[in-house]
Amino acid sequence: MQQNYHKNLKATKSAPLTYFTADANLNALLTVFVLLAVVCAIAFGSAMYSGANLQSMAFQIPEFGFVALGMMLAFLVGGIDLSIVANACLSGIIAAFILTGQWLPGMSDEWRIAVAVCSALGLSTLMGLFNGLLIATCAVSSLIATLGTMTLYSGIGMALTGGRSVVGFPETFTAGGIATVGGVPLIFLAFIVVLAAMALLLERTGGGRKLYLFGGNPVAALFSGISNFRMNVITFTASGFLAGLSGLTIIMRVNSAKVGYGDAYVFQALIVCVIAGIHPAGGRGKVIGIGITTVLMQMAASAFTIMQLSPYTTKLIWGLMLVLVLGLTRDGKRLLQLVRAPLKQRHLAPSVEAESADFLTKRNSLEDSEASITTTGAPYSAVNGQQEIDGKRAVLPKVNDKA
Amino acid sequence: MQIERSEVILLIIIALYALGVAVVNPAFLSIETVFDLVRTSSRDIILVMGLLLIMLSGGIDISFMSMALVGSYCATVIMMRYEFSSVAVLITLACCFGLIMGLFNALLVSWLKLPPFIITLGTMNLFHGLMATLAGTRTYGAGILPPSFNEFGSGYLLEIEGEYGVIGLSVSIIPVALVIVLTWFIIYKTMLGRGIVAIGNSEEAALRLGFRPLWLRLFAYGYIGVLAGLAGSLYICQVNAVYPDKMIGEELMVVAGAVIGGTSISGGKGKIFGAILGIVIIYLLKSTLIFLGLSASWNNLFVGIILVLSLSFTAYQEKMRNQRHLLFKVESR
C-alpha cells in the first residue's frame, strides 16, 4: 500500500504524459474515447472524419462545453446548477437587444459589440452571484435554489421577448462565430483557453485546492478556516460567468437569441459530468475529464445524426447511458467480481449468490471486504454473522449524506 | 388538523392576489373560475401528493411526468389494439405501468445511493425513449379514442346555470379527493407513512428503530408511479387526445408547487394542505394573467419570483434554527 502511494505520487509529479495514468477514471475515459473513435472510423469512415464534419463538430462543442464546465463547478461543491442554460439564454437575449440597437441606440457597431459583450458577461455573472447568495445566505439547497432562478431567468427572458427570437446582429459580430484560425474555429480555441485556465486554477492553485476540500467535506472545511459562504458564492458566480460565455457563443453561432434554446443541455451537462468522473457528492473530478467527455458526446451526437436516429431514440440512449454509467461507477468492480468469482472458485458459488441477492443492504461492508469474498474459502459462511454486524456498522455513517 | 404558519401565509397571498385580480377585472370573481381551477389543476394535485411522499422520504422524483405519459400512452395503445373502451381499464393499465416504472426508480435509487434527482432525470428520458421505440409515436385524436374517455373527462358532478350557459364541477374532483384522503391516511395513520417521514428526517435513526429504507422507498416510488398512471389517464381524458410528447417538461412546475407549499427538499417535512396550496397558486397565476391583461409569457416570471421568495424565506428560517442548535449544515446541497 505504502509503495503504491509513493508510485502514484511520483507519477503525478513526472512528465505530462503520465498525468493521465495516475487516475483510473481518466484511463477508462481515454480508453472509451479511443474505442469510440475507432468504431466511428470503421462504421462511418469519411462521413465522420471529413474535414467539414470535424469542423462543424468543433463549432458545436464550445456552447455546450461552457455549460458543462459550469455544471462541473457546481458538482465540485456537491451542488447542482440547473439555471445555467436559462442564464445563458437571458444574457444572450440582453446582448441581442443591444446588438440589434433596440436598446441603447445610436452607437457605432464596434462600440455596440463591446457594450453587448460586457453587459452579457456582467449580467450573467450577476445572475450567478444571485444564485450563490441565495444558496450561501439563505441556505437553500442548490437544486431548489437554481430551480427557482431557472424559472425566474427564463421568465424574465420570456417577458422581454414574448417568446420571439431576436435577430439582426451586425456582421462583424456574427463573423466571430464563423471565424477560423487555420481551419480551427475561433470559438473552439476560446473554449480550449477557458478549459486550460480552469484546469490551472482548480488543480494548481491554493484556491482550487480549497474548493476541492470544501466539496469533499464542507463541515471539515469550515472548521479548517475555509469559508462556506465564500466558496459557495465564488463557485456559483463562476458558473454564471461560464453561462454568459455559453450565451454569447450561442447567439454568435446561430445569429439569433431566443428563450428555450439549448434546454436539453442541462440534462446532457449532467451526463457529461457523471461520465467525466465528477462525483455528484462533491470534491472529486478533473477538468480534463470534462474536455474529453464533451468531445466524446459531440462524436456520439454526430454519429446519431449520421445514423438518422429519431430524437426519441437519442433520448433513450442518453438515459440508458446515464443509468449505466452511474451503475458502473458505483458497482463496476463488484459486478466484475460477481462474474469472475464463480469461475475462480466453483465451490464458493452458492454463498456468493446469496450475498448478491442481499447486497443492496450490505454493500458498504462488501466494499471494505471485497477480498474476503473471493479469496477466503470455507471460513466465509462462518464469518457471515460477523459480516452482517460489520455491515450495519459500516452502513450507518454513510447513510447521512442525503441527496 | 393543524394549520401551519406558512400555510396561513400562502392562504393570505392567494386571497390578496385574488382580490387584486378581482379589482382589475371583476369577471374573475365567479364560481366558474373555481370550477375551472379544480378541473385544470386536478392532474398536478394528484401528482404532488405522490411527490410529497417522496420528498418526505428525503428523495425527489422528476420522472413522474414521464411515467404519467408513458403509462397512459402505453395503456391507450393496448386498448386500441384489443378494443377495450372502458376508462377503468385505462386507469388500471396506466397504474400498472406506473407502478413498474416507480419500482424501477426505487431500486436504482437504493442501489446507486446517488442524488435521486440525477437518477430520475436519467430514467425520465429512459422511459420516454423506451415508449417511443416500443409503442410508437402516433397521436391518437378525438375521433379514434373511445367516447367513454371524453365522457369521463368532461363529465360534470354538479351543474349550475351560468351567464354563458351551463357550468359544472368536473368529475375529476372525485379521484383527486380520493388520492388526497388516501395520502393523508398513509402519512398520518400507517406505520408505512411514519417510516417514510422517519427515513426522511434521519435514515440512521430510522434504521436503528427497525424501519427498512429499501421497502419504504419501494413503496414511496411505487406510489408516485401509480398516481402518475392515474393522473396521466385523467389528463388524456380531459384533453381527449393522446400525444407522444405532451406532459414531459412540466414536472419542475409540480416540484415548484411542492416547494412553495413548504415541503423540504432534505426530507421529513411537508404538509398535504401546503402542497395543494402551492399547486393552486401556480395554476392561479397561470389562469389569471389573461384577466390582468398580460400575455402567457409572463407566467414563468411570476412563478419564479414567488418560488425564489418562498424558498429563501423557509430555508432562512431553518438556517437560523440550525444555528441556534449549533448544527452545521452543508449549504450547497
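I looked up what covers the buried residues of H11(B), and the cover includes H7 of chain A together with helix H2 (31-56), helix H3 (64-82), helix H12 (272-288) and helix H13 (299-324) of chain B. I am working on a predicted model, in which local features need pLDDT of at least 70, side-chain atom pairs count only at pLDDT 80 or more, and totals for chains, interfaces and linings use all residues. Residues are numbered from 1 along each chain as its sequence is written, while chains are lettered from A and ligands numbered from 1 in the order in which they are written.

I took helices (H or I, at least four residues) and strands (E, at least two) as DSSP runs, numbered from the N terminus. I called a residue buried if 20 or more other C-beta atoms lie within 10 Å of its own, exposed if 12 or fewer, and partly exposed in between, with C-beta atoms placed from the backbone.

H11(B) spans residues 251-260, and nine of its ten residues are buried, so the rest of the structure largely encloses this helix. Among the buried ones I noted Glu251(B), Met253(B) and Gly257(B).

Leaving out residues up to four places away in sequence, Leu51(B) touches Asp61(B), Phe64(B), Ile224(B), Val254(B), Val255(B) and Ala258(B).

Last, I looked at H9 (residues 186-204) and H14 (residues 287-307) of chain A, which pack at an angle of about 150° with their axes 8 Å apart. The axes are lines fitted to C-alpha atoms over the stretch in contact, and angles run from 0 to 180 degrees between N-to-C directions. H9(A) and H14(A) are therefore roughly antiparallel, a label for angles over 145 degrees, with under 35 roughly parallel, 65 to 115 roughly perpendicular and the rest oblique. On the H9(A) side I listed Leu195(A) and Met198(A) among the contact residues, and on the H14(A) side Val287(A), Ile288(A) and Gly291(A).

Methods: Two residues are in contact if their C-beta atoms, placed from the backbone, lie within 7 Å.
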